[in-house]
Each structure stands twice: as structure tokens, then as C-alpha cells.
Amino acid sequence: SPYNVTTGHDVNGNGLFLDRGSRARNSGDGPRFHSVSLYAHRRIELSDVVESMRGIGINIGVQADNILNNTNVLGVGSIAGATTFGQPLAAYPGRAIRILFSVN
């Protein structure tokens with residue numbers, strides 16, 4: 001069941017539909033989340049190659065997120081009685097790899 005179950009009713013008439021139907025706050029539980037990330041970085045000084053470029057370097061990096069490509073749910077239907085109750089509504093992106101490059 002979702003992490004924070006609500007009924008979808010505005011019992012206080014204040015425009016907030018946060019009634020929990022006598023359930024405790026955060027009484028539910030969400031789906032499991034598994035994500036492994038990796039980051040590697042290397043700086044190369046250009047003065048090692050060309051003497052006149054002292055103090056200038058190249059930064060190279062690689063960042064990989066969700067390496068195992070798990071489906072990690074971001075949102076679950078939390079309104080009791082709704083057709084989407086307990087159903088995944090959104091998920092984090094799958095595997096992603098970024099290559100970083102900068103000169104300074």
C-alpha cells in the first residue's frame with residue numbers, strides 16, 4: 001500500500017484533502033528502491049604536455065546512475081477507494097550514463 005494513505009475527503013472544509021480516515025500518518029509502506037551509482041573523475045594537467053600551459057587542466061569524469069537498471073517507483077496512488085490506489089504512478093529514470101568534460 002502507499003506510504004501516506006488519504007481518503008480524498010475534505011472533512012474540515014478547508015480545501016485540504018488530507019483526511020486519513022483514522023489511519024496513522026505514514027501508516028503505509030512503499031515499494032522497494034534499489035539504485036547503484038558510480039562516479040569517476042580524473043584531472044590532467046596540460047603543463048605536463050605543453051610547458052606554456054601551466055595551471056590549465058582538463059577534467060574528465062563519468063557518472064553512471066541506476067547501473068542495475070531497476071524500476072524505482074517515484075509515486076504510488078495513495079487515495080483509498082480510488083482506482084489508482086496502490087498502483088505505481090511514476091518512476092525514476094532507468095540506467096543513465098553522463099560523460100563530463102571541462103577545461104580550466
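A patch, as the word is used at the first stop, is made of residues with over 30% relative accessible area and no salt bridge, and nonpolar side chains are joined into one patch within 5 Å. Bear in mind throughout that this is a predicted model.

**First stop: a patch on the surface.** Select Ile 44, Val 49, Val 50, Met 53, Ile 56, Ile 60, Phe 101 and Val 103, which form a nonpolar patch on the surface and together have about 680 Å² of accessible area. Within this selection, pick out Phe 101, which belongs to strand 5 and, at 58% relative accessibility, counts as exposed.

**Second stop: two rings.** Next, select Phe 33 and Tyr 92, whose rings form an aromatic pair that is edge-to-face, with 5.4 Å from centre to centre and 85 degrees between the planes. A search of the whole structure finds one aromatic pair. Phe 33 lies in the segment before strand 1 (38–45), whereas Tyr 92 lies in the loop between strand 4 (88–91) and strand 5 (96–103), so the pair ties together parts that are 59 residues apart in sequence. Phe 33 is partly exposed, with a relative accessible area of 48%, and Tyr 92 is also partly exposed, at 41% relative accessibility.

Now move to Asn 66, in the loop between strand 2 (57–65) and strand 3 (73–76). Is Asn 66 buried or exposed? Its relative accessibility is 4%, so Asn 66 counts as buried. If you show the residues around it, leaving out those up to four places away in sequence, you will find that Asn 66 touches His 34, Ser 35, Val 36, Ser 37, Asn 72, Pro 93, Gly 94 and Arg 95. A polar atom of the Asn 66 side chain lies 3.4 Å from the backbone oxygen of Pro 93.

Select Arg 95, which is placed in the loop between strand 4 and strand 5. Apart from neighbours within four places in sequence, Arg 95 is in contact with Asp 65, Asn 66, Ile 67, Leu 68 and Asn 69, and its side chain reaches the backbone oxygen of Ile 67 at 3.0 Å. If you then draw a distance from the C-alpha atom of Arg 95 to that of Tyr 39, 56 residues apart along the chain, the separation is 14 Å.

**Last stop: a glycine.** Finally, select Gly 21 in the segment before strand 1, which counts as partly exposed at 33% relative accessibility. The C-alpha atoms of Gly 21 and Gly 8 are separated by 9.3 Å, and these residues are 13 residues apart along the chain.

Notes
Residues are numbered from 1 along each chain as its sequence is written. This is a predicted model: local features need pLDDT of at least 70, side-chain atom pairs count only at pLDDT 80 or more; totals for chains, interfaces and linings use all residues. Side-chain values use heavy atoms; hydrogens and water are left out. Rings of Phe, Tyr and Trp (its six-membered ring) pair if their centres lie within 6.5 Å; planes under 30 degrees apart count as stacked, over 60 as edge-to-face and the rest as tilted. Helices (H or I, at least four residues) and strands (E, at least two) are DSSP runs, numbered from the N terminus. Buried means under 20% relative accessible area, exposed over 50%, partly exposed in between (1.4 Å probe, protein chains only). A polar contact is a pair of N or O atoms within 3.5 Å; within protein, one must be able to donate a hydrogen and the other to accept it, and residues adjacent in sequence count only if both atoms are side-chain atoms. Contact means heavy atoms within 4.5 Å. Patches are made of residues with over 30% relative accessible area and no salt bridge: like charges are joined within 9 Å, nonpolar side chains (Val, Leu, Ile, Met, Phe, Trp, Tyr) within 5 Å. Accessible areas come from the Shrake-Rupley method with a 1.4 Å probe; for residues, only the protein chains shown count as cover. A salt bridge is a side-chain nitrogen of Lys or Arg within 4 Å of a carboxyl oxygen of Asp or Glu.
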